[in-house]
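This briefing walks through selected features of one model, grouped by topic. Please keep the sequence and the 3D view at hand while reading.

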Amino acid sequence: MSSPRIDRLHSEIAASRRRLLAHPVHDRIDGIDALRVFMEHHVFAVWDFMSLLKALQRGLCCVDVPWTPPANPRACRLINEIVLAEESDADGRGGYASHFELYLEAMRAIGARTDRIDRFVREIRGSRDVIRAVEIADVPQAARQFLTQTFGTIEQGDLHAIASAFAFGREDLLPDVFRRIVDGLAVVGSAVDHFRYYLDRHIELDGGEHGPLAERLVEDLCGEDSARWRSAEGSALRSLDARALLWDGIHAILVRLNPGTDPGTGERDGNLAGKPTFSIPRT
C-alpha cells in the first residue's frame with residue numbers, strides 16, 4: 001500500500017500522465033515502417049534509462065574499491081534489485097542480457113536502423129562524453145532533447161529527484177504505454193516477436209515489481225522533508241514533459257511519412273542546430 005505522500009505525488013502528476021497515455025503517437029504505430037521509426041528514436045530513451053538507474057546505484061551503493069558499507073542499506077537493496085533485472089535479465093533463450101540489448105535485438109529483427117545508436121554507444125564507451133557522442137552519432141532531434149533533460153537531472157545530483165524521474169517518468173509510466181503498443185502489434189506478424197518479448201518483460205517487471213520498488217525508493221529518500229517532496233514532484237513533471245516532447249517528435253515524423261516512401265529517408269533525419277546543455281565528466 002502506498003503512503004499518503006506518494007498518493008499525493010500521483011495526484012499532482014495525473015494530468016500529465018493521462019495526456020501521455022492518450023498521445024496520438026500510439027495510434028500511429030500501426031505497421032512495421034512506423035514501428036521502425038518509433039524504435040530508432042525511443043532506443044535512446046532505453047539507453048538513458050540505464051544512466052538514471054546507474055546514477056542511483058552510484059549514489060546509494062558502494063561501487064568503489066576499497067569497499068565501504070552503504071549509508072542506506074534498504075535503498076541500496078532496492079536499487080540493486082532493479083539493476084539485477086535491467087542489466088542482466090533472462091533473454092528468453094537460456095542466457096542473459098540487458099533490456100537495452102534486448103531492444104537492439106528487437107530493432108534488428110524488424111529491420112530498424114541501429115547505426116546511430118551503435119555509433120553513440122561506441123563513442124560513450126571510448127570517451128565517456130555524451131555531448132561528443134550525440135554529435136558524432138547524429139542523434140535525432142527528438143531524442144536529443146530527451147537526453148538533455150535526463151542528464152540535466154543526473155548532473156544536479158539530487159538523489160531524490162533522480163529517483164522520482166526514474167519512478168514516475170519511466171518505471172511508473174512504461175507498463176501502460178507499452179500495453180498500448182502491444183495491443184496494436186497483432187497486425188504486423190511474427191517479425192516483432194523479439195520486441196513483444198521485450199515489452200512483455202517490461203510489463204511484467206515494471207508493473208509488478210520495479211514500479212513499487214522505485215516508489216518505495218522515492219519515499220525513503222524524501223522521508224519527511226517537504227522540500228524534497230516538492231523537488232521530487234517537479235522532477236517527475238519535467239520527466240513526463242520530456243517524454244511528451246519525445247512522443248511529439250516521433251508523431252510528427254510519422255504524420256509526415258508518405259505511405260509509399262521508404263521511412264529511412266527524409267524528414268526523420270532532422271536534428272537540432274544547437275548542442276545539448278549537459279556534460280559528463282570524462283573518466
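H160 counts as buried at 10% relative accessibility, where buried means under 20% relative accessible area, exposed means over 50% and partly exposed lies in between, with a 1.4 Å probe and protein chains only. The model is predicted, so that local features need pLDDT of at least 70 and side-chain atom pairs count only at pLDDT 80 or more, while totals for chains, interfaces and linings use all residues. Residues are numbered from 1 along each chain as its sequence is written, and side-chain values use heavy atoms, with hydrogens and water left out.

- H160 is found in helix α9 (residues 159-171), where helices (H or I, at least four residues) and strands (E, at least two) are DSSP runs numbered from the N terminus.
- Not counting residues up to four places away in sequence, H160 touches L221, C222, R228, S231 and A232, contact meaning heavy atoms within 4.5 Å.
- A236 belongs to helix α12 (residues 226-256) and is buried, with a relative accessible area of 0%.
- Apart from neighbours within four places in sequence, A236 is in contact with L9, I13, S164 and F168; the C-alpha atoms of A236 and F168 are separated by 5.5 Å, although these residues are 68 residues apart along the chain.

**The nonpolar core**

- The largest nonpolar core has 86 residues, and W47, F120 and F195 are those with the most contacts inside it; such a core is a set of buried Ala, Val, Leu, Ile, Met, Phe, Trp, Tyr and Cys residues joined through side-chain atoms within 4.5 Å.
- Helix α3 (residues 32-60) supplies the largest share of this core, 17 residues.
- Leaving aside neighbours within four places in sequence, F120 is in contact with F44, W47, V130, A133, V134, A137, V139 and L147.

**Helix packing**

- The axes of helix α8 (residues 141-156) and α12 come within 8 Å and cross at roughly 170°, the axes being lines fitted to C-alpha atoms, for helices over the stretch in contact, with angles from 0 to 180 degrees between N-to-C directions.
- That angle makes α8 roughly antiparallel to α12, since angles under 35 degrees count as roughly parallel, over 145 as roughly antiparallel, 65 to 115 as roughly perpendicular and the rest as oblique.
- The contact is made by A142, A143, Q145, F146, Q149 and T153 of α8 together with S235, R238, S239, A242, R243, L245, L246 and G249 of α12.
- Helix α5 (residues 99-109) and helix α6 (residues 115-127) pack at an angle of about 150°, with their axes 11 Å apart, which makes α5 roughly antiparallel to α6.
- F100, L104 and R108 of α5 meet I117, D118 and V121 of α6 in this contact.

**Backbone features in loops**

- Most residues other than glycine have a negative phi, and most peptide bonds are trans.
- A cis peptide bond, with omega of about 5°, joins V65 and P66, and P66 is found in the loop between α3 and α4 (73-88).
- R128, in the loop between α6 and α7 (130-137), has a positive phi near 60° and is a residue other than glycine; at 41% relative accessibility, R128 counts as partly exposed.
- D138, in the loop between α7 and α8, has a positive phi of about 55° although it is not a glycine, and its 30% relative accessibility makes D138 partly exposed.
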